[in-house]
Amino acid sequence: MKLAIRDVMIETYQAAKFAVVGLIATVIHILVAWIFIKYFRINPFVSNIFAFTTAFFVSFISHYTWVFKAKRSKHSALKRFLLVAIFGFTVNNVVLIALLRIGIADPFNSIFISALFVPAVSYILNRNWTFK
């Protein structure tokens, strides 16, 4: 029984670190976009590309070195991390489309609900495939 409790504690700690990295990456994304738009007067879509890319690499390095302490090569893990990000975006949109078509919630709440799926799916895939 003690082993099971220990496993839950380890998993919870790793998931919490994953969440911290996600929050930090989100803040970085927003700040980079804001700086590019406000101070450099760059188009919001172009700014968002720079912001997403910066947050993506911060997230990758943090997950690789701190959250999952990956054993595989950075190059291999990076390719897998990108695939997981694309898959997460796809899951997000499939859930969003389903919610909007069913009409369970208004568009804002549908986006909120669909966004909740991505961290869980990303955590499971990154833990069991990307960084393993």
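User: Which residue caps the N-terminal end of H2?

Analyst: Asn43 does, with a side-chain oxygen 2.6 Å from the backbone nitrogen of Phe45. A polar contact pairs N or O atoms within 3.5 Å, one able to donate a hydrogen and the other to accept it. This is a predicted model: local features need pLDDT of at least 70 and side-chain atom pairs 80 or more, while totals for chains, interfaces and linings use all residues. Residues are numbered from 1 along each chain as its sequence is written, and side-chain values use heavy atoms, without hydrogens or water.

User: Which residues of H2 are buried?

Analyst: Residues three or four places apart in an α-helix point the same way, because a turn takes 3.6 residues. In H2 the buried residues (under 20% relative accessible area, 1.4 Å probe) are Ser47, Ala51, Ala55, Phe56, Ser59, Phe60, His63, Tyr64 and Val67.

User: Where does Trp66 lie, and what is it in contact with?

Analyst: Trp66 lies in helix H2, residues 44-67 (a DSSP run of H or I, at least four residues). Beyond four places in sequence, Trp66 is in contact (heavy atoms within 4.5 Å) with Lys17, Val20, Val21 and Ile61. Its relative accessible area is 37%, so Trp66 is partly exposed (between 20% and 50%). The C-alpha atoms of Trp66 and Ser47, 19 residues apart along the chain, are 28 Å from each other.

User: What follows just after H2?

Analyst: Lys69 takes a positive phi of about 45° there.

User: Is Leu31 buried or partly exposed?

Analyst: Leu31, in helix H1 (residues 2-38), has 44% relative accessibility and therefore counts as partly exposed.

How values were computed
Helix = DSSP H or I, 4+ residues; strand = E, 2+ residues; numbered from the N terminus.
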